[in-house]
Amino acid sequence: MRKFLLIFLFSFFCLQLNAQKLIRYDLYVNDTTVNYSGAKAKAIAINGQIPAPTLYYTEGDTAEIYVHNLMNTETSIHWHGLILPNNQDGVPYLTYAPIKAHTTFKYRFPIVQNGTYWYHAHTELQEQIGLFGALIIHKKKPDNIPEYTVIFSDWTNEKPMEVLRKLKMANDWYAIKKHSTQNYGAALFSGYLGAKLKQEWLRMYPMDVSDVYYNAFLTNGKSESNITDSIVPGFSQGRKIKLRIINGSASTYFWLQFAGGKINVVANDGQDVAPVTVDRMLIAVAETYDVIVTIPDTMSYEFKATAEDRTKSTSLWFGNGTKVFAPVLPTLKYFEGMKMMNSMMKFNGTMDAMGMKMSNQQMDMNSVMYPENANSETVTLNYGMLKATEKTTLPTPLYSGEGQGVTLLNFTLTGNMNRYQWSINNTTLGDTDKILIHQGENVRIILNNQTMMRHPMHLHGQFFRVVNGQGDFAPMKNVLDIMPMEIDTIEFAANYTGDWFFHCHILYHMMSGMGRVFSVPDSVPNAEVSTVKNSWHKFTKDENMWHFSTQIPIQSNGVFPKFMLMNRHYIFDVMGMMDCNLNFESETHFARYFGQHQYLKLYIGSDIRRMNEPSNNISDSVMTAAENRTLATVGVQYLLPMFILADLRIDHTGHVRFHVSRNDLALTSRLRLDAMWNTDKEYEIGLRYILLKRLSLSANYDSHFGLGGGLTFTY
Ligand SMILES: [Cu+2]
């Protein structure tokens, strides 16, 4: 009898081991309203949850996922880090048609790997407002250690399209909120005036490690989570616990610290690595890490994720009792960062690492901004420390055409902070073709980050090895964080047919066109995409979006509205002036930007002036110069050092005018100076004190309209 039981148990165990189950999930995507930080905001939830429900599989299962789009807009779901057939990858207009409003799409694919992954929308900025969740694949033979899944995310009460608009319009409201304007006053008082002048001489916008001001950072959808309630047997003092950590943020990197001791890193992007013990680590946007921590005793310990810009943090607490806090990361020393960037920026607007060979996060230049760095005992994780548990050398290429089956690509990551444009080799996705790769070929990419920001570059559908000095044991990843001025090498064997997206995972960078598509031709083309009209155009449409902004001073001496409509290449602007005597002036420009840094613009425009009666403030001598006129103009604008805009134009009467202006010079965080002068002897000087996001106090002196003060409305 006992023998029987043993045989029964054994066969049951084997059955479990080899169970190849079909696992079905139904995901209902719908609009919702949330309140994470004192304001109601629109969000998107799956099955009513943010984050979306965690999907669990075991390697060898088959996934069947029904995505029911209950919204009035289209959506898409991408399975991040999963190896699957291309038409299951979930990139709308590239690998399938989008999931239209009120329709259902059924995914079905085999689970051929294990580890910590996630899923998220790949439509516009839907991921920013909640469309993400964890996807956990257990090994056939599970580790005998309790585990807990953690998704960190960033939250803004603003509509994400509004965030993108602000970034594009160089609106520095976020810098004001983050205390990172690096204004002249602060520079003067802290002894960095020289550095500030040099920064503006080099036409560099203020240094920052992140672009967006967030209202909250979230741990599994809450600002703080406590896992006491969810204690499973084994989550007790002295026991180890495995955290499966996912950074589901749209644009935030997090520093991870544990108050209870060291962090033992055991997997990255779903792939096991040789365990490495650290005090703290930075998790890039879209990366995943498995770490093991030990819960020391009966108190409550903080596992803390601090946004890289250190504005806020979010925490996970282990256990009950007295709270033991992780160290607070002090405010960044932005002026030190500014000095460092100044030293690397060349006058022509390109950056130079000054002969330093930096790669794999091993030399963190941002560390000049970390006040806590005095403590040199701290071990911080970098990519050089990651080592695969098995050999990861690429197979001999099956394809042996040109280049012996190895395609070498040089990708320089490029950008233009002034206009918030991001690209690869100065070209956006929409201006390129798919990069053709032969199946069985090996692809090596040398990435060179020539921008002032980090970029988490993500490859769909397969892993690449990061050439990091670990030889045959180079780690396999699907997201590579590359710091400013770094050069990193990644390589992969192109085993899977289809179109695979490679892009920066900072959503606002991706939306600007920072990506490429690798195309491994298949004998059977993807019918779902090939039947969509202009699919490539639709896939890349985000980068061509138009953005609007306006500034309307309503003052005692007149109204001075400015309107701007701008996209990647063009800007249309109107500037008007009007007083209560119906004196009226307007200038209009329709301009195209040129060059890598877009310092240069060519325009056609108009200049209209009606001076009915002399305004009280205007002296007769100035009035003579201001005759009534309607002019057609053509001109050139160039952004000079110190952000001085020079404008040389000729009108249809042959009159030539040279005009210089400088706007929005930050005297203090909120006090701004504008100045203008031209060869028609017109000039203006103005001051603006920013009260609220959309409202300022303003005053100016204008050569036609005289002195006045009032309010300025900004959008
Ligand atoms: Cu980026």
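Trainee: What makes strand E8 (residues 132-138) count as mostly covered?

Mentor: In this predicted model, 6 of the 7 residues of E8 are buried. A residue is buried if 20 or more other C-beta atoms lie within 10 Å of its own, so 6 residues of E8 reach that cut-off.

Trainee: How do you know that E8 pairs with E3?

Mentor: Two strands pair if at least two bridges are found between them. E3 and E8 are joined by 5 bridges, so they pass, and they run parallel. One place to look is Leu 55, which stands opposite Leu 135 in E8.

Trainee: In which sense does strand E7 (residues 115-120) pair with E8, and over how many bridges?

Mentor: E7 and E8 pair in the antiparallel sense, over 6 bridges. Here you can find Gly 115 opposite Ile 137 in E8.

Trainee: Why is His 102 called exposed?

Mentor: His 102 has 10 other C-beta atoms within 10 Å. The cut-off for exposed is 12 or fewer, so His 102 is exposed. His 102 is found in the loop between strand E5 (78-80) and strand E6 (104-110).

Trainee: And why does Gln 598 count as partly exposed?

Mentor: Gln 598 has 18 C-beta neighbours inside 10 Å. Buried needs 20 or more and exposed needs 12 or fewer, so Gln 598 falls in between. Its place is the loop between strand E36 (584-594) and strand E37 (600-610).

Trainee: Which peptide bond is cis?

Mentor: The bond from Ile 50 to Pro 51 is cis, with omega near -5 degrees. Most peptide bonds are trans. Pro 51 is found in the loop between strand E2 (41-46) and strand E3 (52-58).

Trainee: Let's step back to the whole chain. How many helices and strands are there?

Mentor: The chain has 10 helices and 44 strands.

Trainee: What makes the chain as compact as a globular protein of its length?

Mentor: Its radius of gyration is 28 Å, close to the 27 Å that the globule rule gives for 715 residues, so the chain is as compact as a globular protein of that length. The C-alpha trace spans about 115 × 65 × 55 Å along its principal axes.

Trainee: What share of the residues counts as buried?

Mentor: Of the 715 residues, 42% count as buried.

Terms used. Residues numbered from 1 in each chain as written. Predicted model: local features only at pLDDT ≥ 70, side-chain atom pairs only at ≥ 80, totals over all residues. Helix = DSSP H or I, 4+ residues; strand = E, 2+ residues; numbered from the N terminus. Rg over C-alpha atoms; globule rule 2.2 N^0.38 Å.
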